[in-house]
Amino acid sequence: MNILVTLDANYLEPLCHLLRSFDRTHPQRELHIYVAHSSLTAEHFEKISEAAGARNKVYNICVSEDMLKDAPVLKRITKSTYYRLFAAAYLPKDVDRVLYIDPDTLVLRDLSSLYDLDFGSNLYAGCSHVGWFRNFLNTTRLKMTRKTPYVNAGILMINLAELRKEFSAEEIFRYIEKNASKLLLADQDVLNALYYDRMLVLDEFLYNCDESSFKRLCDRFGETHAFDFVRQKTCILHYNGKYKPWRPAYKGVLNRFYPDGLDAEQA
C-alpha cells in the first residue's frame, strides 16, 4: 500500500500518530510511506520511521526547488502547496496508485477497500464536506459543473498510472496565474477546477469524517448512534480546520479518538 504525506516539522508529531494508527490497523499489509518535504532532517526521519513500524518502509522525498522554479508563488499559494499537485512528477514511476493523506488525520480501520478501488476513467477519488449551498458557491466560483461535488483534498486516492499520461506542470502554472484572485483554498481549488470531471466521489462518513461530517451524522441519527457509527464504520477521521486536538483550544468532540484512533471514553 503506497501512502503519500506532505508536511514540515510543525506537523511531525501528528504525522507520527497517524503512522501508528496505520500500523495498528494494517497488520497484514506492508506500507510504503512517501514523505514529501523541503526541510525535514535525518533526526525527523528517525522519528517517522519509528512511528511507521519495523515492517513498513519510509521514503525521504525532498522536493527539488528546480522542479518548482517556474511555479507562481502567491499569498495563498506557496511552493509547498504544489507537493500534492505534483505527485505524478516526483513519485517513482512504478508507483501506479497512492493514497494521499493529510497529517492531521487518524486511521480507525483497514483501508484496503479504499486503496483497491476501481478508478474507472477517473484520476482522483475523494470526499466532499460541503452542503448544497457552499457547493454551489465553490463550483460557481471555479466554473465547475454545478452538479459536481466540491471535493476536500485532505484525503485522495490518486491514479498515478493515468495521471502521468495527462499531467502538465505548465497547465497548472497557467491556471494559477490566470485565476489567482478566485483561489481561496489554494491547491484544493486547483484540483477541483482542473479535475472535477475526473473525480470519483466517495462517502465522507467512511473516508473523510471531520467535525462537520459528524454533526450531520448527529442530525441524522443522534449523538449516541453517531459515535457508534464512527466506532464501527468510519475508516478515517480528519481534524481539519483551525482547531486541532493536540492544542488546548480544540472545539469539537472527535478529540476523544485522539491520539491513537481508539475511543478513549470506551476504554
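Helix α9 is largely enclosed by the rest of the structure, because 10 of its 10 residues are buried (buried means under 20% relative accessible area, exposed over 50%, partly exposed in between, with a 1.4 Å probe and protein chains only). Keep in mind that this is a predicted model: local features need pLDDT of at least 70, side-chain atom pairs count only at pLDDT 80 or more, and totals for chains, interfaces and linings use all residues. Residues are numbered from 1 along each chain as its sequence is written, and side-chain values use heavy atoms, with hydrogens and water left out.

**Helix α9**
- The buried residues of α9 include Ala186, Asp187, Val190, Leu194 and Tyr195.
- Helices here are DSSP runs of H or I with at least four residues, strands are runs of E with at least two, and both are numbered from the N terminus.

**Largest pocket**
- The largest pocket comes out at about 910 Å³.
- A pocket is an open set of points on a 1 Å grid over the protein atoms alone, where a 1.4 Å probe fits, with protein on both sides within 12 Å along at least five of seven lines; lining residues have an atom within 4 Å of a point.
- Its volume is the space filled by probe spheres set on the points, which are joined across faces, edges and corners.
- Of the 29 lining residues, Tyr11, Arg84, Tyr100, Asp102 and Asp187 lie nearest the centre of the largest pocket.
- Two or more lining residues come from each of α3 (82–85), β7 (152–158) and α9 (186–195).
- The lining of the largest pocket splits into nine nonpolar, 13 polar and seven charged residues (Ala, Val, Leu, Ile, Met, Phe, Trp, Tyr, Cys and Pro count as nonpolar, Asp, Glu, Lys and Arg as charged, and the others, Gly among them, as polar).

**Second largest pocket**
- The second largest pocket has a volume of about 340 Å³.
- It has 19 lining residues, with His129, Asp210, Ser212, Asn240 and Gly241 closest to its centre.
- Both α6 and α11 (211–221) supply at least two residues of this lining.
- By class, the lining of the second largest pocket has six nonpolar, eight polar and five charged residues.

**Around Phe133**
- Phe133 sits in helix α6 (residues 132–141) and counts as partly exposed, at 46% relative accessibility.

**Around Cys235**
- Cys235 lies in the loop between α12 (223–232) and β9 (236–238), and counts as buried at 6% relative accessibility.
- Cys235 and Tyr207 are 28 residues apart in sequence, yet 5.5 Å apart in space, C-alpha to C-alpha.
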